[in-house]
Structures are given as C-alpha cells and as structure tokens.
Amino acid sequence: MKLPGSEAHIWYFNSNDFDELDRYLQLLSQDELERVNRFKFEKDRKTYVLARGLLRILSERYLNIHADQVFFTYNEFGKPSYDLKTSIRFNVSHSGELIVLAFVAKGVVGVDVERIKINFDIAKIAEGFFSKDEVSSVLAFPEEKRAKAFFNCWTRKEAFIKAKGVGLSFDLTSFSVSINNEAPELLRTQWNPDEKNDWKLFSFVPQEGYCSALSVSSAINKVSHFGVADLD
C-alpha cells in the first residue's frame, strides 16, 4: 500500500464488527499471546487481539513483507516501532470498542482515541493534568459542552506525547494545545518556544461518543481515513 511522505494514514475499527478472532490470534507473537491470557475481561482481550492482529495485517501492506515477519521493538517508555530498517512509523490506540492505528512514511506519529465520559470531576482532573491556560479554556465552556472540550484537550495532549515517545510520566502541564474543534494546534511548550512549529495536530470524531487526535511532524499536510471495508 502506497504511503506518500507528506501523508498520514489513519484506520478506525470497531471491535463489534469482528466475530472470529482466530485469524488475528494466529498473527500474534508468543509474548503477545501470554498477555492475552492475562486479561480479566473478554472485551479487553478481544480489543487487544484485534489491535495487534490488525497492526500486523496493515504493516504487511505498508512494508511489503509477510505478516509473520513483522516484529517490534520498544523504547524505554514502551513506544513500539518496527524491528527492521524502514522510515515507516506507526502508533496504536484503543478505547471502548474503537481501535485506531496511524501510519506515516516520514517523521513520527502519535494517535489517541477516547470514549467520552461525563460522570467525573472535570475541573479536578483538568487541574491535575492540564496547563493553566488549558484549564481556563475547558472550564470556560458551558457545562453541557465541557466534557467534549476536556477530551479534545486530553486526546491532543496524549497524541503529542505518544508522538514524542516519552510516555505518561511526561509533565502534561508543561505544554498547551488548543481546545476548540477548529484548527487544532500545539500552542506552546515550556522547553522550546519554537517546537510548536515542528508539529501538526488533527482531531476527529471517529464515531458518536468518541474523540480522537493525531500528532505528526509538520511536513504532513494530508490525512487519509480508512476502515474495515478497506481491508478487503
């Protein structure tokens, strides 16, 4: 499958669209199979099997190698990459029934998807994880729109730190993203005032009740979307 250097590909899958797991289980490595057996709930097991299996199926297309030749290596924060020489990078996220996978041929990528919840203390969580200007922006929304604003912020921040490969131990208050639906962007970072120019953010609503964000290198100027129908 062709992946231009200026383009990101993002794939969305709903686990309810898949009945049989055998095809995907057969693609998993031994350590992944061991992890499958540690899941307590069947829905979590299914999501993990599908996410890892679909990652291999799509990797086969992008790398032009057989799925059983796809292996991964992990950095100190657990971010995976291909264990072979290639410029292609990927990232995976899942929440609820949704699985999201993103691929780029140049630069780096981070993706996040979250099911929007409303029964939690938005102000308390925001004050613990967001920068001061983000907190003010989220709380400025009317109460009925505040949860969506919160998850706009959360997914963009998580996509950014996943693209950087630094893990959730990173200080989330040390940078700010825009909150509105229009023109998502990295607004500022405490460590480098120019870094905001190195990144692009995109936000999507992959399915009602969910929020998703993509963080990529600034050279990316197009995002193409795919789903289960494109697997055939």
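Asp44 is partly exposed, with a relative accessible area of 28%, where partly exposed covers the range between buried (under 20% relative accessible area) and exposed (over 50%), judged with a 1.4 Å probe and protein chains only. Its salt-bridge partner is Lys43, with the closest N and O atoms 3.3 Å apart; a salt bridge here is a side-chain nitrogen of Lys or Arg within 4 Å of a carboxyl oxygen of Asp or Glu. Please keep in mind that this is a predicted model, in which local features need pLDDT of at least 70, side-chain atom pairs count only at pLDDT 80 or more, and totals for chains, interfaces and linings use all residues. Residues are numbered from 1 along each chain as its sequence is written, and side-chain values use heavy atoms, with hydrogens and water left out.

**Salt bridges**

- Searching the whole structure turns up eight salt bridges.
- Lys43, the partner of Asp44, counts as exposed because its relative accessible area is 59%.
- Arg188 and Asp133 also meet through their side chains, at 2.2 Å from N to O.
- That pair ties together distant parts of the chain, with Arg188 in strand β8 (residues 186–189) and Asp133 in helix α5 (residues 132–139), 55 residues apart; helices (H or I, at least four residues) and strands (E, at least two) are DSSP runs, numbered from the N terminus.
- Both partners are partly exposed: Arg188 has a relative accessible area of 42%, and Asp133 has one of 30%.
- Glu32 and Arg52 are both buried.

- How many of the residues of β1 are buried? Eight of the eight are, so the strand is largely enclosed by the rest of the structure.
- In a regular strand, side chains alternate between the two faces of the sheet.
- In β1, Glu7, His9, Trp11 and Phe13 point one way, while Ala8, Ile10, Tyr12 and Asn14 point the other way, and all are buried.
- Strand β11 (residues 222–226) pairs with β1 in the parallel sense over five bridges; two strands pair if DSSP finds at least two bridges between them.
- Ile10 has His225 as its bridge partner in β11.
- Strand β5 (residues 98–104) runs antiparallel to β1, and seven bridges join the two.
- Tyr12 has Val100 as its bridge partner in β5.

**A patch of negative charge**

- On the surface, Asp17, Asp19, Glu20 and Asp22 gather in a patch of negative charge.
- Patches are made of residues with over 30% relative accessible area and no salt bridge, with like charges joined within 9 Å and nonpolar side chains (Val, Leu, Ile, Met, Phe, Trp, Tyr) within 5 Å.
- Asp19, one of the patch residues, sits in the loop between β1 (7–14) and α1 (22–25).
- Asp19 counts as exposed because its relative accessibility is 72%.

**Individual residues worth a look**

- Asn64 lies in the loop between α3 and β2 (72–74), and its phi is near 60 degrees, a positive value in a residue other than glycine.
- Asn64 is exposed, with a relative accessible area of 66%.
- Leu58 is part of helix α3 and counts as buried, at 0% relative accessibility.
- Leu58 and Gly96 are 38 residues apart along the chain, and their C-alpha atoms are separated by 21 Å.
- Ala163 belongs to helix α6 (residues 143–164) and is buried, with a relative accessible area of 3%.
- From Ala163 to Asn75, 88 residues apart along the chain, the C-alpha separation is 12 Å.
- Pro184 is found in the loop between β7 (175–177) and β8, where Pro184 is buried with a relative accessible area of 18%.
- Pro184 and Asn14 are 170 residues apart in sequence and 25 Å apart in space, C-alpha to C-alpha.

Technical notes. Accessible areas come from the Shrake-Rupley method with a 1.4 Å probe; for residues, only the protein chains shown count as cover. Lys and Arg count as positive and Asp and Glu as negative; His and the chain ends are not counted. The place of a charge is taken as NZ of Lys, CZ of Arg, CG of Asp or CD of Glu.
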